[in-house]
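Me: I am new to this structure. Can you take me through it in short steps?

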Amino acid sequence: MRRPRHKTGIILAALGALCAFPVYADIPAARQAELRHLLDQDCGSCHGLTRQGGLGPALTKQALAGKSAIMLREVILNGRPGTPMPPWKSFLNEPEAEWLVRVLLGCTGSSDCQTQHDAGSSQGGTDAKH
Ligand code: HEC
C-alpha cells in the first residue's frame, strides 16, 4: 500500500512557491523599529546606511528589482556562503526576514507588494520552479 504522501508535499511546496508571502505576518511596531535599526546599522555597515552599497551590493528597490523575494529572504536568513554576507537566522525569524525584504522592496505599507514589485520589471514572480 502506497499512500500518496509525497503528493501532499509537492502540493505544499507548489503553494509555497506560488504565494511568495501569502500572509503579511504582523510584526509588532516595537520589533519593526528594532528591525529598521538593524537594517540601518548592521546591514548598513556593509550595504551602506542608505543601502547604496559598500562592501555588499546596493539593496535599493531599483537594485533588487526583478529578484525573487524568496531568494532574498533566504540570503538574509542563511547568508551567502563564500561571501562576507553572514546568516541572520539567529537574530531573525522567517516573517521578520520577509518583512525586511518588503522594506527593501519598498512595500511595507501595503499588501500589494507584488504589484509594486512587478511595476519595474516584466518578470512575474508567481511561477518559481526548481
Ligand atoms: C559583513 C558584511 C555584510 C553584512 C553585515 C550584511 N551583508 Fe548582505 N551581503 C554582503 C555581501 C558581500 C553580499 C553579496 C554576496 C555575493 O557576492 O553574492 C550580500 C548580499 C546580500 C543580499 C543579496 C543581494 C542580491 O542582490 O542578491 C541581501 C538581500 C542582503 N545581503 C541583505 C542583507 C541584510 C538584510 C543584512 C542585515 C540583516 C545584511 N545583508 C548584512 C555583505 C553583508
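Reply: First, a term: Ala, Val, Leu, Ile, Met, Phe, Trp, Tyr, Cys and Pro count as nonpolar, Asp, Glu, Lys and Arg as charged, and the others, Gly among them, as polar. By those classes, the shell around the ligand has four polar, three charged and 14 nonpolar residues. Keep in mind that this is a predicted model.

Me: How many helices and strands does the protein chain have?
Reply: From the N terminus on, the elements run α-α-α-α-α-α. The count for the protein chain is zero strands and six helices.

Me: Which helix gives the most residues to the shell around the ligand?
Reply: There are 21 residues around the ligand, and Cys43, Cys46, Gly56, Thr83 and Met85 come nearest. Both α2 (29-47) and α4 supply at least two residues of the shell. The helix that gives the most, with six residues, is α2.

Me: Are the buried residues of α4 on the same side or on opposite sides of the helix?
Reply: Ala69, Arg73 and Ile76 are buried in α4. They cover an arc of only 65° around the axis, so they lie on the same side of α4. An α-helix has 3.6 residues a turn, so residues three or four places apart point the same way. The answer is the same side.

Me: Against which helix do the buried residues of α4 pack?
Reply: Ala69 and Ile76 also belong to the largest nonpolar core. In soluble globular proteins, nonpolar side chains tend to be buried together. The buried residues of α4 pack against α5.

Me: Is Arg51 buried or exposed?
Reply: Arg51 sits in the loop between α2 and α3 (61-64). Its phi is positive, about 65°, although Arg51 is not a glycine. Most residues other than glycine have a negative phi. A residue is buried if 20 or more other C-beta atoms lie within 10 Å of its own; Arg51 has 21 within 10 Å, so Arg51 is buried.

Definitions and conventions. Residues are numbered from 1 along each chain as its sequence is written. This is a predicted model: local features need pLDDT of at least 70, side-chain atom pairs count only at pLDDT 80 or more; totals for chains, interfaces and linings use all residues. A nonpolar core is a set of buried Ala, Val, Leu, Ile, Met, Phe, Trp, Tyr and Cys residues joined through C-beta atoms within 7 Å. A residue is buried if 20 or more other C-beta atoms lie within 10 Å of its own, exposed if 12 or fewer, and partly exposed in between; C-beta atoms are placed from the backbone. A residue is near a molecule or strand if its C-beta atom, placed from the backbone, lies within 6 Å of it. Helices (H or I, at least four residues) and strands (E, at least two) are DSSP runs, numbered from the N terminus. The arc is that of the directions from the helix axis to the C-beta atoms. Two residues are in contact if their C-beta atoms, placed from the backbone, lie within 7 Å.
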